[in-house]
Amino acid sequence: MKLLLIRHADPDYTIDGLTEAGKIEAELLSERLAPMKITQSYVSTMGRAKLTAAPTLTKTGKTAIECDWLREFN
């Protein structure tokens, strides 16, 4: 079993989203991840994490399990 830990792409913390560079990073990441045989994906409930995962999930036709415990610690 392989476990891939991926941090969100370049964030825009003011809107809990991604910068334009982050959107490009997420798209490039999806091109590398989509061909892999990933059986399950987990994502934090943070917008920037979901937006980073979205291109890969769209390309693979899969969904991710959202886990509140994956959020950053305060």
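This is a predicted model: local features need pLDDT of at least 70, side-chain atom pairs count only at pLDDT 80 or more; totals for chains, interfaces and linings use all residues.
**Exercise 1. Find which residues R48 is in contact with, leaving aside its neighbours within four places in sequence.**

Step 1. Look for contacts, meaning heavy atoms within 4.5 Å. With those sequence neighbours set aside, R48 is in contact with H8, P11, Y13, D16, G17, L18 and E72.

Step 2. Place R48 in the fold: it belongs to helix α2. Helices are DSSP runs of H or I with at least four residues, strands are runs of E with at least two, and both are numbered from the N terminus.

Residues are numbered from 1 along each chain as its sequence is written, and side-chain values use heavy atoms, leaving out hydrogens and water.

**Exercise 2. Is H8 buried or exposed, and what does H8 touch?**

Step 1. Find H8 in the segment before β1.

Step 2. H8 has a relative accessible area of 18%, so it is buried.

Step 3. Not counting residues up to four places away in sequence, H8 touches Y13, R48, A49 and T52.

**Exercise 3. Describe the helix α2.**

Step 1. Start with its length. α2 has 14 residues and reaches 20 Å from its first C-alpha to its last, close to the 20 Å expected at 1.5 Å a residue (the expected span is 1.5 Å times one less than the number of residues).

Step 2. Look for a bend, which is the angle between axes fitted to the seven residues ending at a residue and the seven starting there. α2 bends by about 40 degrees at A54, and the proline P55 follows within four residues.

Step 3. List the buried residues of α2: G47, R48, A49, T52, P55, T56 and L57. They pack against β1 (11-12), β2 (17-18), α1 and β3.

Definitions and conventions
Buried means under 20% relative accessible area, exposed over 50%, partly exposed in between (1.4 Å probe, protein chains only).
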